[in-house]
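I opened my notebook to look up a few things in this fold. Here is what I had on screen.

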Amino acid sequence: MFPSLANLDFLADSTKEKAARELNESDDTRQAKINALKLAIEEFPDEDAIFVDSRRDDAFLLRFLRAKKFDIDRAFTQYKNYHAYRKNHPKIFAEATLEKIEPLLRTGLFTIGNRTTEGAQIIYMDSSKMDFSRFTVDDSIRVLACSLEFLIESQETQIHGFIIVADD
C-alpha cells in the first residue's frame, strides 16, 4: 500500500545525492532514524490522544525526517504538531473526501505545475477563482491540505520540496 523503502533505486542519482547532501539522508542510517522516531512516538505520554489511529509506517515517518534533515527531535515535534493540528481542526480533515473537495478542485483554484530545474514541485494558487458564494475558507484550506498530502507522498517531492505560487 505504501512505498517500499527497501529499495530507493528508482530515484535519480542526483536526487539521492541531494538527499545525502542537504537532508543528511544515508542508506546506512535511514532505517535506524525511522526506528528512533517510532520509539519516540511510542514513548511519548499521549494524554491528549493525538496519536490515536495515526500512521506510523516507514514511508510516512520518512517524510517528517526528511523535512527536518533527519533530526529526530525536530521530526518528532513536527509529527506531534501535524497530528495536533488535525485533531484541533476536525472539520477540515473529517470532511476531506473527494466528494467534498472535487467541486473546488475543478475551479482551478489550485493547479499542479511542472517541477523546477532543481526538482521542486510547483503549485499554483489563483485566488480569483475562489467563489465565496459556493465555497468557504475552510473549503480552500481543506483542498490545499489534501493536495499537499497527495504531493508529499512522492519521494521526489519530499527531497526537492515544493513551491506555492499565489496570484490574484
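This is a predicted model: local features need pLDDT of at least 70, side-chain atom pairs count only at pLDDT 80 or more; totals for chains, interfaces and linings use all residues.

**Entry 1: helix H7.** I checked the length of H7, which runs over residues 137-152. At 1.5 Å a residue its 16 residues should span 22 Å, and the end C-alpha atoms are 22 Å apart, so the two agree. At the start of the helix, I found a side-chain oxygen of Thr136 within 3.3 Å of the backbone nitrogen of Asp138.

**Entry 2: what covers H7?** I listed its buried residues, among them Asp139, Arg142, Val143 and Leu151. Their cover includes helices H3, H5, H6 and H8, along with strands S1 and S2.

**Entry 3: the cores.** Which residues have the most contacts inside the largest nonpolar core? I noted Leu37, Ile41, Leu61, Phe64, Leu65 and Tyr79, in a core of 16 residues. H2, H3 and H4 each supply at least two residues of this core. A second, separate core has seven residues, including Phe110 and, from my H7 list, Val143. I then followed Tyr79: leaving out residues up to four places away in sequence, it touches Ile41, Leu61 and Phe64, among others.

**Entry 4: two loop residues.** Asn24, in the loop between H1 and H2, has a positive phi of about 65 degrees. Asp53, in the loop between H2 and H3, has a positive phi of about 60 degrees.

Are they buried or exposed? Asn24 is at 47% relative accessibility, so it counts as partly exposed. Asp53 is exposed, with a relative accessible area of 78%.

Key:
Residues are numbered from 1 along each chain as its sequence is written. Side-chain values use heavy atoms; hydrogens and water are left out. Helices (H or I, at least four residues) and strands (E, at least two) are DSSP runs, numbered from the N terminus. The expected span of a helix is 1.5 Å times one less than its number of residues. Buried means under 20% relative accessible area, exposed over 50%, partly exposed in between (1.4 Å probe, protein chains only). Contact means heavy atoms within 4.5 Å. A polar contact is a pair of N or O atoms within 3.5 Å; within protein, one must be able to donate a hydrogen and the other to accept it, and residues adjacent in sequence count only if both atoms are side-chain atoms. A nonpolar core is a set of buried Ala, Val, Leu, Ile, Met, Phe, Trp, Tyr and Cys residues joined through side-chain atoms within 4.5 Å.
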